[in-house]
Amino acid sequence: MQNPYLPYPVRIEEIITETEDKNLKTFKFVFLNPDDQEKFNYNAGQFAELSVAGKGEIPIGIASSPTEKGFLRFTINKVGLVTSYIHAMKVGDIMGIRGPLGNWYPWEVMKGKNVVIIGGGFAFTTLRSSIIYMLDPDNRPKFKDIHVIYGARTPGMLLYRDELAQWEKRDDINMHITVDGTDDPDWKYNIGFVPTITDQKAPPGNEETYAIICGPPIMIKFTQPVLDKLGYVHDNIIMSLEMRMKCGIGICGRCNIGKEYVCKDGPVFTLTQLNNMPKEY
Amino acid sequence: MSGLGFKVKVYMMKIITINKEDWAKGLERLCDSFRLFGPVKQDEFHNFRQLVKGELPDLNLLNTRLSAKSMVYPQSEKMFEFTLDENRDDHHILKEIHKDYSPKAVIGIRPCDARAFLLVKENFDTPEYKDPYWIKSYEATTWVGYACNTPCSTCFGTTAGCGPFHEQGLDLLLVDAGDYYLLKILTQKGENFLTAAGWSSKADSDAARHEIETLKRAAEEKITARISTDKLKDKKTTELFEAPFWEEVAFACINCGTCTYVCPTCWCFDIQDETIGLSGIRMRNWDSCMYPIFTLHGSGHNPRNTKMQRVRQRFMHKLKYYVDKYGDGIQCVGCGRCIRHCPVNIDIRKVCDLMNNFEA
């Protein structure tokens, strides 16, 4: 019987400090056993439990894309015991990864459709995975127009700035980067909160257009009415939720919303699904 | 006819009589092939623990204080071990711990606790994920049930899918018939147990069945508390969730967690690492939805921040979410422990009626 609680051993290969407050770092991991990498077959939108012997585990969205082979990337916000410890770890250190866990964005359903990605703050990780996945030459023809609305407090708080700049230059993805405010005179993108920019830049909603939203609760709260106004269908509004988790496999009991476990039945739900679930998240 | 039905039919025929003197001899013989567990009185209360050779389970009880769930799922359980010593090749890599899954028998489990394992199994043994600790431990165990001639005062098992002589989840059912025991063999595991015990005085099956039936009916009649669960399935989750009675239900609750601790069907756990020097273990411990930290996010946000939300979670889980998720009735066997031990007299039977009768 395979033990679903046993993490795969991994080594930290690279650490990148992402944001000006140094609170967000991206870790690149490689598997110690090549077989484990084969078994870790994931889709954009899934998460994993990062495990540090002696400290514990944390559920984190996978920031690398399934089209990037040979490693995994996670962007980690320094918050509690485990994440603070990981932030102090070095290249070469050994830890563990358990997964992939949860469901993913509905890539099969979105084939042939327009996709609008809406992200705020550090919740851009699985969205980064999704963008890389869609822009892969094998996958790009599967989707129609792609829009990305991504905001952070300041330019220095945006994740993956090099990649954002590259995507800006492409003609097969429409980037709408925004910051809440900046005193940088050379800032050439948008200024304004994500809901406002969504209102101005997002394409109108219809059966052929899907929105994937990931961000802080306040952003989601104010973006939803904008999408309603733009005519988005609730079945086509896809959200990824966060919860305190331990097991990650629907057994330990804490991350439920009604009868659904966010770790196993989610973290991805449509707005239609959420409307039929208790408002307890 | 289904396979299960066939099996039940075959083994239902077999009932043996055990003189109370032979009982001890059989248990002694069983020690050679089973680890034996049973209720033992410690201070004022009975609880399950392993029996040393020659020790008898104390069957002079209504029920154990805690449920039998720890027989499969201990309150604290080691999952993995590791070393932090960087001079060793395997440092910081979690490794499986050897565990004893040799045959064991739990003697004297009440039918409510035995059925509870079947409800909990839905959670630990799923099509997608198998919890190896729970499943291996459960499968290693032979369940020797002990019929309730005198049910507890708070029992409502007969309307909670169970009953004082309920056989689901048991391999054998032991019935105290006064001067002797009747032992009903229900499964092949039960048959193996019987062989190892060496009890052989086959009872006149018709008379024994009649005797058990009479005792069963008398026991069932003593259970007067009833619940109704028939309408729970058709209620809308969001409407029950918003029902006005939750504040009142939760008003007196002090979130002590006793209900979840004594409950045979509460399964939630936490995972924690512990280290001493350079060696460590990852373990899991029973947890409780009554505690605010159970759902506290790293950001400080807590979806179940108030005690009303937590009390509502417990009852909605047992009486609505479980019903909808598995289609196998409520997540409760009516043992009544939470009612007996709640310090502020919250009564799941009343809450169940409120929910079942609720009209939005």
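What follows is a chat about the sheets, the chain contact and some backbone details of a predicted model.

Reader: What should I know before I start?
Author: This is a predicted model, in which local features need pLDDT of at least 70, side-chain atom pairs count only at pLDDT 80 or more, and totals for chains, interfaces and linings use all residues. Residues are numbered from 1 along each chain as its sequence is written, chains are lettered from A and ligands numbered from 1 in the order in which they are written, and side-chain values use heavy atoms, with hydrogens and water left out.

Reader: OK, sheets. What is the strand order in the open sheet of 6 strands in chain A?
Author: The order is S4-S3-S6-S1-S2-S5, with antiparallel pairing. Strands (E, at least two residues) and helices (H or I, at least four) are DSSP runs, numbered from the N terminus. Two strands pair if DSSP finds at least two bridges between them.

Reader: Which strands stand at the edges there?
Author: S4 and S5 of chain A, each with a single partner strand, so one side of each has no neighbour in the sheet. On average, neighbouring strands of this sheet are turned by 40° against each other, direction ignored. The axes behind such angles are lines fitted to C-alpha atoms, for helices over the stretch in contact; angles run from 0 to 180 degrees between N-to-C directions.

Reader: How many bridges join S1 to S2?
Author: There are 7 bridges between S1(A) and strand S2 (residues 24-31) of chain A, in the antiparallel sense. A:Ile16 stands opposite A:Thr26 in S2(A). The two strands form a hairpin with 6 residues between them, and A:Lys22 in the turn has a positive phi of about 60°.

Reader: What does A:Glu14 form a salt bridge with?
Author: With A:Arg73; the closest N and O atoms are 3.5 Å apart. A:Glu14 lies in strand S1 and A:Arg73 in strand S5 (residues 72-77) of chain A, so the pair ties together parts that are 59 residues apart in sequence. A salt bridge here is a side-chain nitrogen of Lys or Arg within 4 Å of a carboxyl oxygen of Asp or Glu. Over all chains, the structure holds 40 salt bridges.

Reader: Now the other sheet. What is the order of its 7 strands?
Author: S10-S9-S8-S7-S11-S12-S15 in chain A, an open sheet with mixed pairing. Strand S10 (190-191) and strand S15 (268-270) stand at the edges, each with a single partner strand, so one side of each is left without a neighbour in the sheet. Strand S8 (residues 146-152) and strand S9 (residues 174-179) of chain A pair in the parallel sense over 6 bridges.

Reader: Which strands does helix H5 lie across?
Author: Helix H5 (residues 194-201) of chain A lies across strand S7 (114-120), S8, S9 and S10 of chain A, running at about 155° to S8(A).

Reader: Switching to the two chains. How many residues does each put into the contact?
Author: Chain A gives 45 residues and chain B gives 52 residues, where contact means heavy atoms within 4.5 Å. The area buried between chain A and chain B is about 3900 Å², 59% of it from carbon and sulfur atoms. That is the accessible area (1.4 Å probe) that two parts lose on being put together, summed over both. A:Met1, A:Ile251 and A:Glu280 supply 17% of the area that chain A buries against chain B, more than any other three residues.

Reader: How many salt bridges cross the interface?
Author: The rule finds 7 salt bridges between chain A and chain B. B:Asp270 forms a salt bridge with A:Lys246, the closest N and O atoms being 2.9 Å apart.

Reader: Last thing. Which peptide bonds are cis?
Author: The bond from A:Gly99 to A:Pro100 is cis, with omega near -5°, and A:Pro100 is in strand S6 of chain A. The bond from A:Gly266 to A:Pro267 is also cis, with omega near 10°; A:Pro267 is in the loop between S14 and S15 of chain A.
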